[in-house]
Amino acid sequence: MSLNPEELISRLSLALEARQGLFEAGHETGFRLFNGFLEGYPDLVVDLYGRTLVLYNYADQPPSAEGHLRLAQAYLLERLPWVKAVVLKTRQGVTLRERRGVLVYGEEADRRVREDGVWYAIDLLMNQDVSLYLDTRNLRLWARQNLSGKTVLNTFAYTGSLGVAALAGGARRVVQLDLRRKFLDLARASYVLNGISSHKAEHLVGDFFPLVARLRRSGQTFDCVFLDPPFFSVTEKGRVELARHSQRLINKVRPLVNDGGWLVAINNALFVSGAEYMRALEALCADGYLSIERLIPVPQDFTGYPHTVCSPPPTDPAPFNHSTKIAVLRVRRKMM
């Protein structure tokens, strides 16, 4: 995108001022500092994790944005002198290391952040995506406030933040399910940070489809099931494609939810509109055994603020407020 240096600095300055209320004295939390897709420069996104800035180069031709990213880094370090490290992730990078992230300033990136009083272990260089999704912050708050004494299954758990939030809120049991052990190891580190007893949580490492089938065969059910799949994934056991198969995944886990329990479904497909996703959910609710209880919004640091947004999203997310579409569904089971 063509943008002169003065315009870039102006938009970064506006974004910083809009988020002043999110900064706290200890610099221990995380939030999106600049969403270039909506706030005027789509080649750049900036997240803050504690005292570490994460800069994302989203340019189709990464070298074309390097000058602007260096300018942005210098400006942010001047405005935020307490920042101790900067990580650069290049989405179209040639090497895996470039895509996962390179420490370009400082000696060490932060290894934890605190959100609403809960610590989350992070590893900002472990994966192409950062190890804690900031757009689901409000959902973690919902988990803390609603799952005390409940049993929880967190599918596609990644580093287990939703399960950690549930346990921090007093959940009785949490099962975390993910394909990669290294991601769930970070969940265990979060338990240690919060003094959570390991016996309250279980970890299932493996493919979603056979593990869910195994839970069904064993007759296990839960008061809440989180379904937060990747946009697209193919394994030997099955295929995940949110643009087309979100209903099928919901039906896979639906039998694992207790009567009166919750199924929390997340669809982050950018080009699936909010209206399209709502139609899919309403079709599932037509039999009367599912109902849409509430939609959970994404925090405003992701959506941008009325005076910082320069362009609309590529697809209208309404009635959701962002392409990360979060719906809490209430489940009613057929009585035998």
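Okay, quick term before we start: two strands count as paired if DSSP finds at least two bridges between them. Keep that in your heads, and keep in mind that what you're looking at is a predicted model.

So, bridges. Strand 4, residues 85–90, pairs with strand 5 in the antiparallel sense, over three bridges. If you want one to click on, go to valine 86: its bridge partner in strand 5 is tyrosine 105.

Now zoom out a bit. Those strands belong to an open sheet of five, ordered 1-2-3-4-5, and the pairing is mixed. The edges are strand 1, at 30–35, and strand 5, at 102–105, and each of those pairs on one side only. On average, neighbouring strands in this sheet are turned by 25° against each other, ignoring direction.

What packs on the sheet? Helix 1, residues 5–18. That helix touches strand 1 and also strand 2, which is 44–49, and its direction makes about 150° with that of strand 1.

Okay, further along the chain. Strand 8, residues 151–155, pairs with strand 9 in the parallel sense, over four bridges. Here asparagine 154 stands opposite glutamine 176 in strand 9. And how does the chain get from strand 8 to strand 9? It goes through helix 6, residues 161–168, and this β-α-β crossover is right-handed.

Terms used. Residues are numbered from 1 along each chain as its sequence is written. This is a predicted model: local features need pLDDT of at least 70, side-chain atom pairs count only at pLDDT 80 or more; totals for chains, interfaces and linings use all residues. Side-chain values use heavy atoms; hydrogens and water are left out. Helices (H or I, at least four residues) and strands (E, at least two) are DSSP runs, numbered from the N terminus. Axes are lines fitted to C-alpha atoms, for helices over the stretch in contact, and angles run from 0 to 180 degrees between N-to-C directions. Contact means heavy atoms within 4.5 Å. A crossover is right-handed if, with the strands pointing away from the viewer, the path from the first strand over the helix to the second runs clockwise.
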